[in-house]
Amino acid sequence: MPHVTRVENPRWLNSLSRYSNPGRVVNVCFFIVLLFSTLLTWREVAVLEDAYISSQRNTLENVAHELNNQLQVNIDRLTFYRNGMQAALATPLAFDGLQNAESQFQQKREQHQWSISLNNQRMLPVYGVSDTFVEETTLLSRDYPLLNNELSATLEVGYLLHLSTTLRRTTQQMLYVSRAGFYITSNALDRSNDVVEQYYSLVTSPWFVEQSQHSNPGRAMRWLSWMADTPNGDMRRVALALPVDYQHYWYGVLAIEFSLQQMKQLLTVATQGEEDGEFRLYDKKMNLLASSMTNNGTTPSPLSAQEKAQLAQAFEQDTRGGLRFTTRYVNWEKMRNFDGVLVRIHHLDEGVRGDFGTISVALGLVWTLFTSMLIVSWVVIRRMVRNMSTLQASLQWQAWHDGLTRLYNRSTLFDLAGEAAKQCEEQGRPLSVIQLDLDFFKSINDRFGHQAGDRVLNHVAGMIGSQIRQEDLAGRVGGEEFCIVLPGATWVDACAMAERIRARINNREILIGKSATLRISASLGVSSSDDKGLYDIEYLQSIADNRLYLAKQKGRNRVCCQDEDSQ
Ligand SMILES: Nc1nc2c(ncn2[C@@H]2O[C@H](COP(=O)(O)OP(=O)(O)OP(=O)(O)O)[C@@H](O)[C@H]2O)c(=O)[nH]1
């Protein structure tokens, strides 16, 4: 099949037609729809995630607020006792009982251990140790002028402590521990029954030791958490401690001690109504103090060392935030009234069961369904487009070609030849035309049948095709009539080519049927632009046609390149 040289379109038209390829357009459209649907879904998921995070934060804030309120009560209480003690240090109550207590102290202060009780059931007893014990310890001192006032103040605070614990039935341990070797406590201490041992254990507690003017120069209230040595083994305890100073002298420490059980009670009250997630209270060193889901002292899913490290790093940078671990979302907030952090742990399965999880799953399913349908319809439409393209190409081929010989049909040949003639004229190249007609074709049909005639036509078309160049055009322009257009070929070239074709057609025997062969011949007429000086294809074809009939008249099986009068 000879190649056709078409007139070139502008480059922009070519690139437009390349991009407007229907298959490519379908691909681009589907990709855009998929991209936008994915972006929209992703955006929805991001909005949901923001809503989820803010709902988690709100829940945590509510619990932290409740817990802060409970802790504020203890802070207020401690401040109230400290103010009461300072007032009593300045002006002790002038009761006989208190003066009596002072004289008892003077009598007992040398004893290894002692207690002073006003025996009225309304005041807490003061327990103390000897002068010798106090003198041996650098942090302690009994050597200052307001010692008697402090003892009275301690008894007065003992009265208030007794009153508040009786009224509030509070289980927390409230204490005043004096540097002068005595203390009061709202509840019996669980450390030991020995006063000296108890006092020693109290003044060596971190919450006492760290209240010296050197360790706590701001004299602020402090939260501490430490491992206490108790008769039941090492137990973590939490304390809120406030140093009592008067006239720049440190007298002692007021403290409230909490067991972990009590911390859990505080957390339980604060988390009432919150069914989802687990709340945990950590001290500033990431020691777990309480969990809303503690079972027999163990949390259901403890944080790994790596998760703790990540959280600790986050605490240093902000006062609240959230971190996503593999299967849980951890939300945290530093406590306003406690030196630690409240953490809320929300597990993936809880999240999926919740509102946001359900909506996210539904969104994911909708996206998956939509994407699957999109892909299915893309495949179907692509196939339809491909079939249409194939059909279109086939129809186009049929419209341009002669179905029998597979050469161009008459109208296409003259369209293409017209374009080629224009190009040759512009480029100053010659253009030649060969008109070919088989001789006595009717008799082949008559003798061998119409099918044999078709085979001959096909055979001749193949021969023409094998003789011409890629640039040349060949078409069937009538029943047994062919036209060959030779861009760039001179009249001499065209005549030589026509002669070659004639000889080739005449030299070969064609197999017709099982054993019958046939030798055919053709008459050819040639015209050329360099002969006539014109590039009008219809004119050149008519000249070639005239010369063809001249060849017929002269006896057929020949090429005629000139008009009769010029021969
Ligand atoms: N088999 C077949 N025959 C065709 C086809 N188209 C036209 N013909 C036949 O071709 C024959 C042409 O006959 P004529 O015009 O008399 O020409 P000829 O017999 O070749 O005689 P000269 O051209 O004078 O040599 C007619 O019998 C047509 O029926 C075709 O597609 N197939």
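1. R219 sits in the loop that joins α7 (206-209) to β5 (222-230); helices here are DSSP H or I runs of at least four residues, strands are E runs of at least two, and both are numbered from the N terminus. Its phi is near 55°, a positive value in a residue other than glycine. R219 is partly exposed, with 15 other C-beta atoms within 10 Å (20 or more would be buried, 12 or fewer exposed, partly exposed is in between, and C-beta atoms are placed from the backbone).

2. A word on the source: this is a predicted model, where local features need pLDDT of at least 70, side-chain atom pairs count only at pLDDT 80 or more, and totals for chains, interfaces and linings use all residues. Residues are numbered from 1 along each chain as its sequence is written.

3. Now the sheet. It is open and antiparallel, with 7 strands in the order β1-β2-β4-β3-β7-β6-β5; strands pair if DSSP finds at least two bridges between them. β1 (113-116) and β5 stand at the edges with a single partner strand each, so one side of each has no neighbour in the sheet. The twist averages 25° from one strand to the next.

4. β5 pairs with β6 (residues 233-246) in the antiparallel sense over 9 bridges. W223 has L240 in β6 as its bridge partner.

5. Helix α8 (residues 260-270) packs on the sheet, touching β6 and β7 (249-259); contact means C-beta atoms, placed from the backbone, within 7 Å. The direction of α8 makes about 70° with that of β7 (axes are lines fitted to C-alpha atoms, for helices over the stretch in contact, with angles from 0 to 180 degrees between N-to-C directions).

Note on methods: Contact = placed C-beta atoms within 7 Å.
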